[in-house]
Each structure stands twice: as structure tokens, then as C-alpha cells.
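Please open the model in a viewer and follow the stops below in order. Each stop says what to select and what is found there.

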Amino acid sequence: MDKVSLQDLIEKIDKGTATEHELGLYNAYMNRIAPGSTDWDQFNLDDQEQVRLELWDQLQVVMQKTQPRRFVLWTRISGVAALVLICLSITGYFLFSTINQSGKHSLAQVNQDILPGGNKAILTLSNGHRIVLSDAKHGVLVSKNNIRVNKNSDGQLTYEAKNGDHVSNIAYDTLTTPTGGIYNIVLADGSKIWLNSATSIRFPEIFGSKERKIELISGEAYFEVIHNPFAPFRVATPHGIVEDLGTHFNINTYGDESAEKTTLLEGSISVKSKNQKVVLQPGQQALIDNKRDADPIAVSAADLDEAIAWKNGLFLFNNEDLESIMRKISRWYNVKVVYQDQAVKREIFLGSVSKLKNASEVINMLEKTGKIHFEVNGSLIIVKAK
Amino acid sequence: MSVYSKYTEQELLSLLKAGDEIAFTEIYNRHWKFLFTAAYNALRHKADSMDVCQTIFLWIWENRLQINVKTSLQGYLYTAAKYKIANLLRQGKIRETLLDDVLTTDIVAEEIKDLEIKELKNFIKQLIEELPEKCREVFLLSRDEHLSHRQISERLGISEKTVDDHITRALKKLRIPLSRMATIFLSF
């Protein structure tokens, strides 16, 4: 068959004039041209989970257009929304500084700078209803027969179980932070979880009596678990299960990092991968390779300050290479990073800076080392060798 | 995992028909990857592939009451995807090298699967059923009774121009046009 005959065939299918044989032929060719698969082209495509969410968000936007009342505006990863938000804040900032006649900022400067992230997240309830937490006023967000969900004035989400009411059917909610967002939540059992940017957790509204199981779908989170010997607290991650034995710990499982890192600060936890289980002592870190998660778990001494710097509002780079540093920057400032010079990715840096600073200040700090040079173009950061 | 993850396809479809959004989410989660890779294998373009999937899932949601799955939900969605991709092929969105490769290989008789043909027929039938009544009537007269536009205009007592319009509209609708919306969102 040639291209023209294939075009004709498609035309016939469209018009509905194709014979049975032609329908079959068309189908067979399309099976060859567009074979579906469950394999993932990791090399050319982004992280699978990222694509799934992106597509879903996009779908929500069009569905919302057709059915205005059904869907709460879903601004999570949408680049447009983020951009609008940034533009609005920049405009606001600019107007403000003009009114004040401070004269300190030129338009060019203000337009160039990239503001840091903040308390932003989306809560998806078990019935599919979504609440944009950055917009939601504080107070009671949800009140059902067995739970109450509160948003405090300082941007913390609290789940409270109402006594006595036990339901057989446990409802699961999902909390997701966008790039440039962080959030923290107190679960129904009093355990606290801090979510770093671009992170998603799924948890039951109330816990059963035998086990408390939550899922860290992607990203990074810090846990302070209220120990209960009768109901172990388990975190299912993409590559394993972390079980607390009364504890403070951090799990980093970003798909673009090389390994899933679990760091124990206090207490005791076990980390289970596909075919191994290790118990960590405080100060230790367990690494499961993202690509080869059947490999033995590597246990080493951890830099605790570095592991939870994000939770304390800091970037802390302790002999960290530039590529890893820029991944953190892109997650917090919601920027894309490209390298004009690949060798600079391996440059090592040491230092710390507050995450409340604008991107330019962080970048200036890195530039001062004299090894690299950045060019900022909108939300794109181009890294060059000096 | 939610209870929905345990539901069978039939159960999910019944819930979908009742307008259950979580059932829709579950269907999406089960099938998006297969459809996306199908589109991506043909188009090698992330945004276009996402567009294809978006159109199909949106279509499923909007037409949930009419959906009539003959084989499996995956088969049904895949049929829709192939149909959509075929139309992108006409716009030259498919890699030339892929087309050359595929077209030079011989398709053997066994590959022509009855069940898939049934699904395709069923799918096209459904697309036609969705057309507005007059438009459908005109389209079927043209297709099944092979009447010319003039003959149709005489039989239905409408102008030839109106017949033309109905046919154009029908064909356009059958091609499930790309949503512009998505393109705008993806260009960022």
C-alpha cells in the first residue's frame, strides 16, 4: 500500500463507505502505525507519573469548560495558572513599589525576577472533589459524620476523627503540592507530614485499628509519627515500604533523582524494598536505586541538616553537584533549567541560602563562585560555563 | 487503593453512565497509558499525543450515555484512538519514515481481526448516531442510498446548499476535531 491509498482508505472510513475488508485493512495498518503498549519511553518522555497528571489536569480544564459546575478549578501543574499567578504577583509588586515611589526597582528588574514558592497545595477528597488550599479560607473545610478537616491560619491542614464513629469503608484523600509549593498536614492520628514541592501523598481520612498506611506517590516528605505499637505506621513509596517504629524520618522519592532516600532522625524505622529489608538507626540513610530497585539497599551515615533543610526553609548544599542543586531550584521556583555546557553539571558547591529569597539571589550566590554563569529568560534558566 | 480499583469494567461502565466521576478517574488511570503510547508511537510528539488522549477521554465522558462497548473498554478506547490518529495522519502529523516502513510491509490476512472490525463499525455507528437528526438523515441518505446531493435536496425538500452544509458538518464531526484549548495549554 502507498500513502495515497491509505489516505483514500481513511477517507472511506470517515464517510462510512468502507467495506468489511477495508475496515479490516485499515484496522491492521493502524495497529502497526500506532501500537499501544504498557512500556514507557523514559528517555524521550518525562516521568510517567508527571505525564499522567499533566494529561489529567488538561482534561479537567476542558471538562470544566463543558460542565461549569462540576469541577473545582484545578490549577496544580498548569503552567498557565502558575504563570498568571507569577504575573499577578509581579504586577502587584510593581504597582506597589510605584505607588510608594520607592524607585528602587526598575520594571526590567522586577519582571526578570522569579519569586520563591509558598504554602500551596490541592486536596482531592475521596469523592473526587478538589480544594485549592492556597485559596481556601481557613476554618472547617470538610465536616462529615466521622471526620472534620480544618485549615489553620498558618496554612496547615488538620484531620480530626470524631469519636465513636467507625466506618467500614475507609475514604482516601490525596494532598498534592505543585512545583513551588509546600504544605503540612496533621493526620487523624496526630502524626504530622510536611510535603516538599511537587509531592503527592494519599492517606485515609481516618485510620483502621490494625495498620496506618499512607502512600507517598512521588516527591519528598518529612514524617513525625505518633507511635502506636498496635497499629504500625507504614509509608508505601514507589520503590518500597517504610515502617515506623516511633519516629521522625524523611523520604525523598523524586523521579528525577537517582535514588529513593529515606533518612532517619529519631526513633527507628524499617525500609523494605522488593527483596530486602533493613532497619535504620538514627542518623542513617537508606538508598534504593530508582532504576534498579531490586538491588541491595545501601545504608550510610546521613547529613541530617541537609536531609531536612527544605523543611526548615533552607537550601543547604553540602558538596552537592550543580545538576542536583538546579533540580531543587527548579522544583521550588517552578523554572526549567537547561545547560549550554554539560561539564558544569558536575561542579561541586557548598553553602546555604534561605528559600524565601527570590531566584536571582540564589543564582547570584552560585555565580559568585566564578565557575558558572546564568541567563534567565522568563521561567527558563540557562546555565553556562564562565 | 480505592474500592474502584477492584471494580470490573462492566461495573465501572455502569457507574460512568450514572455520571460517577470517580469511575471516570479509574477508567482514565487504567487506560491512559496504553492510549498515550499508541499515539506517541505514531506521532512522536508529546503535546499531540496528549491531545489525542484528551479528546478521547473527553468524548467518553460527554457521550457516556451512548457508549456501547462490544469487546473491551481498552479495545473500544483504542479503536477511538486509532480513528483519531488516522485523521492526524492526513494532516501530515505522522513521521514519514514510520509510514514508509509500515506501508511497505505486507499486512497478512490473519491480522484482520473480526472483533476489532466489529468494534470499529460500532464506533463509527455511534459517531453517526450523535449527529443532529437532520444532519444524520442527510448523511445516511448520501452514504447508504448513494443519493446525490441534488436527489437528497429533492427528496427532503431542502436546498442543495443545506445538503452540502449537513454533509460537511457530518464529516467534520466524524473527524473529532483537535481541541484548540489543549494546544494553548501545552505551548507553555
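Begin by selecting strand E18 of chain A, residues 314-321: E18(A) gives six residues to the lining of the second largest pocket, the largest share. This is a predicted model, and the tour should be read with that in mind.

The lining of the second largest pocket has 26 residues in total. To find the centre of the pocket, display Asn252(A), Lys261(A), Glu306(A), Glu320(A) and Lys328(A), which lie nearest to it. The space within the second largest pocket is about 370 Å³.

Remain on chain A and select Arg148(A) and Glu160(A). These two residues form a salt bridge, with 3.4 Å between the closest N and O atoms. Arg148(A) belongs to strand E5 (residues 147-151) and Glu160(A) to strand E6 (residues 156-161), so that the pair, twelve residues apart, links distant parts of the chain. Over all chains, the structure holds 28 salt bridges.

Now turn to the interface and show chain A and chain B together. How many residues does each chain bring to the contact? Chain B brings 66 residues and chain A brings 62. Between them, an area of about 6100 Å² is buried, and carbon and sulfur atoms give 63% of that area.

For the charged pairs here, note that the count between chain B and chain A is two salt bridges. To view one of them, select Lys121(B) and Glu20(A), whose side chains meet with an N to O distance of 2.6 Å. Polar contacts across the interface of chain B and chain A amount to 14 residue pairs, with both residues at pLDDT 80 or more.

To finish, hide chain A and examine the side of chain B that touches it. Several helices of chain B each supply at least two residues to that side, among them H3 (46-62), H4 (73-90), H6 (114-129) and H9 (160-174). Then select helix H2 (21-43) of chain B: H2(B) makes the largest share of the touching side, 15 residues. Coloured by class, the side of chain B that touches chain A shows 39 nonpolar, ten polar and 17 charged residues.

Definitions and conventions
Residues numbered from 1 in each chain as written. Chains lettered and ligands numbered in written order. Predicted model: local features only at pLDDT ≥ 70, side-chain atom pairs only at ≥ 80, totals over all residues. Heavy atoms only, no water. Contact = heavy atoms within 4.5 Å. Buried area = accessible area lost by both parts, 1.4 Å probe. Salt bridge = Lys/Arg side-chain N within 4 Å of Asp/Glu carboxyl O. Polar contact = N/O pair within 3.5 Å; in protein donor to acceptor, adjacent residues only side chain to side chain. Helix = DSSP H or I, 4+ residues; strand = E, 2+ residues; numbered from the N terminus. Nonpolar A, V, L, I, M, F, W, Y, C, P; charged D, E, K, R; others polar. 1 Å grid on protein atoms, 1.4 Å probe; cavity = no way out; pocket = protein on both sides within 12 Å on 5 of 7 lines; lining within 4 Å. Points joined across faces, edges and corners; volume = space filled by probe spheres on them.
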